[in-house]
Amino acid sequence: MKKIIFIALMALISVPAMAQHNGHNCGNCPHHKQHQAQKAQSKQCCDQQKPKTINGMAAEIVEAFPAAKSVKKEKKWTVVYDAKSKVLGYAVYSKPASDGIKGFNGETPVMIALDANKKIVSVTLLDNNETPGYVSRVIEAGLLKSWNDMKADKALKKKVDTVTGATFSSKSIIETVQATLKTL
């Protein structure tokens, strides 16, 4: 009987701690700990979505190119310019090349930033439905940095391993990056 009472008390104590947050921002609950790595990469958490645009440009472009002042959409990429209309680089979005590539909970769209010499500056994971804990593992493992400083043809040939504990998500990201690079 004591064992049953003890288990019941433990369940009552544990349930609120396990519940997803409802507007609180303690930063110490399991839900927020899952998001710490994701917030570092994408600067967002459930209720606090990052702005979609900054000065009329997609937020992920401004994050990849802080000196960006304007963009021009072209067929296979978006050209990014500085204040003097000098080309800073190119932003390439995975859609529609990645249509149908799915992780654990759906597609994992990315934006690949290339410098003016068409070397990869960064890969940014865009809004998706993957489990935050798995996304955190992928980010912490450095998967998104695997292609940095490579030209598209070399990056396309690079063998990139999936992240242990986030296999579906990381496999989807790898395939999405490869499909996107094939369009260049």
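This is a predicted model: local features need pLDDT of at least 70, side-chain atom pairs count only at pLDDT 80 or more; totals for chains, interfaces and linings use all residues.
**Reading the strands and helices**

Visitor: How many helices and strands does the secondary structure come to?

Guide: The protein has six helices and seven strands.

Visitor: What makes β3 and β4 a pair?

Guide: A pair needs at least two bridges between the strands. β3 and strand β4 (residues 78-81) have four bridges, so they count as paired, in the antiparallel sense. Within this pair, S70 stands opposite Y81 in β4.

Visitor: Which strands form the open sheet, and in what order?

Guide: Five strands form it, in the order β3-β4-β5-β6-β7, with antiparallel pairing.

Visitor: Why are β3 and β7 said to stand at the edges?

Guide: Each has a single partner strand, so one side of β3 (70-73) and one side of β7 (120-125) are left without a neighbour in the sheet. From one strand to the next, the twist averages 20°.

Visitor: What makes helix α6 a neighbour that packs on the sheet?

Guide: Contact means heavy atoms within 4.5 Å. Helix α6 (residues 167-181) touches β5 (87-93), β6 (110-115) and β7, and therefore has heavy atoms within 4.5 Å of these strands. The direction of α6 makes about 50° with that of β6.

Visitor: What share of the residues is buried, and what does "buried" mean?

Guide: Buried means under 20% relative accessible area. Of the 184 residues in the protein, 40% are buried, which means that they fall under that cut-off.

Key. Residues are numbered from 1 along each chain as its sequence is written. Side-chain values use heavy atoms; hydrogens and water are left out. Helices (H or I, at least four residues) and strands (E, at least two) are DSSP runs, numbered from the N terminus. Buried means under 20% relative accessible area, exposed over 50%, partly exposed in between (1.4 Å probe, protein chains only). Axes are lines fitted to C-alpha atoms, for helices over the stretch in contact, and angles run from 0 to 180 degrees between N-to-C directions.
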